[in-house]
Amino acid sequence: MKLCIKHLLTAALLLVGLLSMAQRSKVAGQITDNSGEGLIGAAVQVQGTSNGTVTDADGMYELGLSVGTYTLEFSFIGYETTTRSVTVGSGTTTLNVALESGATDLTEVVVSVGSRTSQRTITDSAVPIDVFGQSDLKSTTQNSFDKALQYRVPSFNTVNTPVNDATTLLDPYEIRNLGPSRTLILVNGKRKNTSALLYVQFSPGRGETGADLSAIPVDAIKRVEILRDGASAQYGSDAIAGVINVILKDRYDYSTLTFRAGTTTSGGEDFVKRPGNGRGDTYGVSLNSGSNFGQKGYINYTIDLSQQNSAVRSGIIDVPTEIATFGGFPEQDQFITSYLNDHPTGNNVNGTGEITAGKFLLNAGFSAGNLGDVYGNLAVVTKKVESFANFRTPYWRQDRGLLHSRTDNGGKNYITEATLAFPEDDPAIYAGYLGYVPTFEGDLTDYTATVGVEDEHNGWKHDVSLTIGGNKQLYSVNNTVNRGLGISSPISFKPGGYSFNHIVSNLDVSKDITDAFGIAFGAEARSETYQIFAGNEASYIGEGANSFPGIREENATTNSRFNLGLYFDARFDVSPNFLINGTVRSENYSDFGNATVWKLSSRYKMLEDKIILRGSVSTGFRAPSLHQIYAQSTQASFAGGTIVLSGLFNNLSAAARQLEIPKLTPEKSTNISVGVGLNPAKNFNVSLDYYNINIKDRIVYSSSIRTAEGDSTSNLYQILKAGDLESVQFFINGVETQTDGLDFVANYRNIGVGPGKMGISLSGNYTIKNEIVGTPADPKPIKDAGGTILNNQIVSLMEEGRPLYKAILGFDYNMGKLTVGLYNTLFGPTKFQDLDNGGSIMNHIKAEFDPAVVTDLVVSYDITKKATFTLGINNILNVLPKWDLVGIDQTGKDYLKNEADKSLLRGFLGFSGRYDVLGYNGSQFSQLGTMINGNLSIKF
């Protein structure tokens, strides 16, 4: 007995000694750059485990380990990842590491998109995927996430629209010229809500809706994954062109406080004297911080506040065009000439609007033991914007004489003295009256939140989540009148607004049955609600508020639908080099029924992964959005020198039935892609991918349909007369489209040049074909009335409204504390046919924008190991969009031979020169010219 007790005591003492030794054992040291400066927030990880830490403000780290031999991995953004073997004895083992600077190799990042089974790197994927880290986005020094993508992704396009209104809140974007509604946006792999805004301007994206990418703060982003392939079978509706998956920062490394400021190098005459003299000054501050707890717990949050002033780019008015538009007799013509001599821009305030925004985003996760890993994120964004309609000059016949001097507009009265009467055509009546400018103000709230649990049992991985999201927009129109109310009209209106909300639940299960074979299956249930808010009566009665009529009470509705989707995915590694992946998905929508789609993809690697062949074929679908099904309103637009009212009738309305317009059904697509990837060296890779996308029953927003001259009997005429409208528009499954193109990407990293390292990247997108197949499906009553759902203006907008090609050539050079980037973006030509403002002759003529190269210079310097200053000069050569008129047949060419006619037509297309840089339809890139942006980032 005594012997047993002795042995037990000996064993206990030995165990205590070992435990105390283990507790005292650790590895510690400092991680530095090439110059010996400590790197704050560098990661230290024990390979094959979740055990790790990050360095402190001096680059020091400390990691508790038991006695033994380990492989440690040291990494930091912008530096080469390094591994070291270390043998830990009792006490402290010192290991200092100096990291080599160089671009992060994102080709080896494990991506979430592309397959529902085991996640793969870009190299292993059977479909083309781009990955951009936060540093790639921030190096553009653009002020929002969507504009950063514009200068990093060749197939992605977005630009500020010439006429703002509600698009001041967010600009349309698209991949491969297919509109915003055919690109699915995910946040941490979960569907993000779309915006409540339906784009109605005659610019790219017309008739579509998309998520608010500008709502996502760049400082909250860890990386962005862009799947350039159809993925409806994997993710459901909207993924015809591809998928953008935003991965948020998770584990907390360090806090960053960033101060931003920027301006452009030119302004414009600003009648209303907004802040910044029309330069478009920007200011902002953001904080990214958080905390880690437990073994897997983390909270990472970002707060971003920003202010963007109006950038005024009003053109000089062409007097002959203005007289042709508003003149008609000598006294009036002389008055126009005199007025424009004093006010060359006609006091117009066009360019970009004023935007004030606040963004909050939180991402968190923790281990719940046997229950699995709990994760969640929350994002809330608020914006307030103000933009201006065209200035109503005193000779603008549509509105003259309706206003009198008022001061009841909260200090925002831009109306000068005017008569109360309705004057005859006597210019003398305008003595002392300069006119007025209506304002548009919008308030936006966008939110999204996800909570989920993921776990693994016996090799079965499962992920259960719930996501809610919404976008609400309410509008105000000030400093204008409702002409039908005469002098009793108010000058401030509430025209209503829109909201969109969804609730999404997901179940995803996957398992590697063997090393070579894996399966995944899951379900998604989604409820969507679209609400239309009526304006106050004064905003819509009669002609409605001038510049932006309100939403009528009878058009204010709340509509919902529900859909359930099921998918099954299987992948088979025939050999280590040969992969086959297949997916099938079926969805049921409460409003139109079922849709079943599939996808098959494959990849083959040769010569030790130096050559990779890949391809896919898939079918897809896009459900009509609730916006397209239920939106109904009266819109005001500029055409032929005046404001005209056009009615948008939804497909469930009596007017639609009279015109034999059918209910909307899903679009159906077929995607084919074939590509090759080359990895001839560790730091050099090239890829080339061909894509072919056919869309049947594509939903289009029709052209403005008018009756033929002399028609007074058709159904169309009766509908327009009843609504006091000039034209009618609607949505219809009207066309089949074919889009073919090439994507090219090449990267060469870590090239030794002098004391530093250089990276070179070249990427491009070329559209081989983007056209409507056959003829539009015109309903008979519209044909009988001499109309068509798609006139040449809409056809041109769909086929040629985005660049024919786009390429980005970038150079990055890092030398210790200094990093310099030079980026050149080539925008190919775009073309437009504006029949509304140019008249029928534009059936024979196009406005063509010339190719142009926009050059950006970015310089970043580490002032200390905790503070970095970055200066970006975007469009350093001040390149502006340039366009000319081109005849597309002999009639057009003969017309343009007369310089006077050509000058007059150009004036009509830019509202007498007010929009001379862009015209009314937009261009391939911004009209703002050189922009200077600086930011100071402080780590702590």
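Is D697 buried, partly exposed or exposed? At 31% relative accessibility, D697 counts as partly exposed, where buried means under 20% relative accessible area, exposed over 50%, and partly exposed in between, with a 1.4 Å probe and protein chains only.

Before selecting anything else, keep in mind that this is a predicted model, in which local features need pLDDT of at least 70 and side-chain atom pairs count only at pLDDT 80 or more, while totals for chains, interfaces and linings use all residues. Residues are numbered from 1 along each chain as its sequence is written, and side-chain values use heavy atoms, with hydrogens and water left out.

**Stop 1: salt bridges**

Stay with D697 and select K668 as well, since the side chains of these two residues meet in a salt bridge at 3.3 Å, N to O; the term stands for a side-chain nitrogen of Lys or Arg within 4 Å of a carboxyl oxygen of Asp or Glu. K668 lies in strand β35 (residues 667–681) and D697 in strand β36 (residues 684–701), so the pair ties together parts that are 29 residues apart in sequence. Helices (H or I, at least four residues) and strands (E, at least two) are DSSP runs, numbered from the N terminus. K668, at 45% relative accessibility, is partly exposed.

Next, select E800 and K846, which form a salt bridge whose closest N and O atoms are 2.8 Å apart. Here a helix and a strand are joined: E800 belongs to helix α12 (residues 792–800) and K846 to strand β43 (residues 845–849), so the link ties together parts that are 46 residues apart in sequence. E800 is buried, with a relative accessible area of 18%, and K846 is buried too, at 14%.

Then move to K190 and D508, whose side chains meet in a salt bridge at 4.0 Å, N to O. K190 sits in strand β15 (residues 190–191) and D508 in strand β27 (residues 492–512), so this pair ties together parts that are 318 residues apart in sequence. K190 is buried, with a relative accessible area of 7%, and D508 is buried, with 14%.

To see salt bridges joined into a network, select R191, D238, E524, R526, E528, R561 and D591, which are linked in this way. How many salt bridges does a search of the whole structure find? The search finds 42.

**Stop 2: a four-stranded sheet**

Colour strands β3, β2, β5 and β6, which in that order make up an open sheet with antiparallel pairing; two strands count as paired if DSSP finds at least two bridges between them. Strands of a sheet pair through backbone hydrogen bonds, either parallel or antiparallel. In this sheet, β3 and β6 (82–88) stand at the edges, each with a single partner strand, so one side of each is left without a neighbour in the sheet.

Now zoom in on β2 (residues 43–46), which is joined by three bridges to the antiparallel β3 (residues 52–54) and by four bridges to the antiparallel β5 (residues 68–75). V44 stands opposite T53 in β3, and its bridge partner in β5 is F74, while V46 stands opposite L72 in β5.

**Stop 3**

Select helix α5 (residues 319–326) and helix α15 (residues 899–909), whose axes come within 9 Å and cross at roughly 70 degrees. The axes are lines fitted to C-alpha atoms, for helices over the stretch in contact, and angles run from 0 to 180 degrees between N-to-C directions. The two helices, α5 and α15, are therefore roughly perpendicular to each other. The contact, meaning heavy atoms within 4.5 Å, is made by P320, T321, A324 and T325 of α5 together with S903, L904, G907 and F908 of α15.

**Stop 4: a loop residue**

Finish at D609, which is placed in the loop between β31 (593–606) and β32 (611–622). D609 is partly exposed, with a relative accessible area of 28%. If residues up to four places away in sequence are not counted, D609 touches N577 and N679.

Definitions and conventions: Angles under 35 degrees count as roughly parallel, over 145 as roughly antiparallel, 65 to 115 as roughly perpendicular and the rest as oblique.
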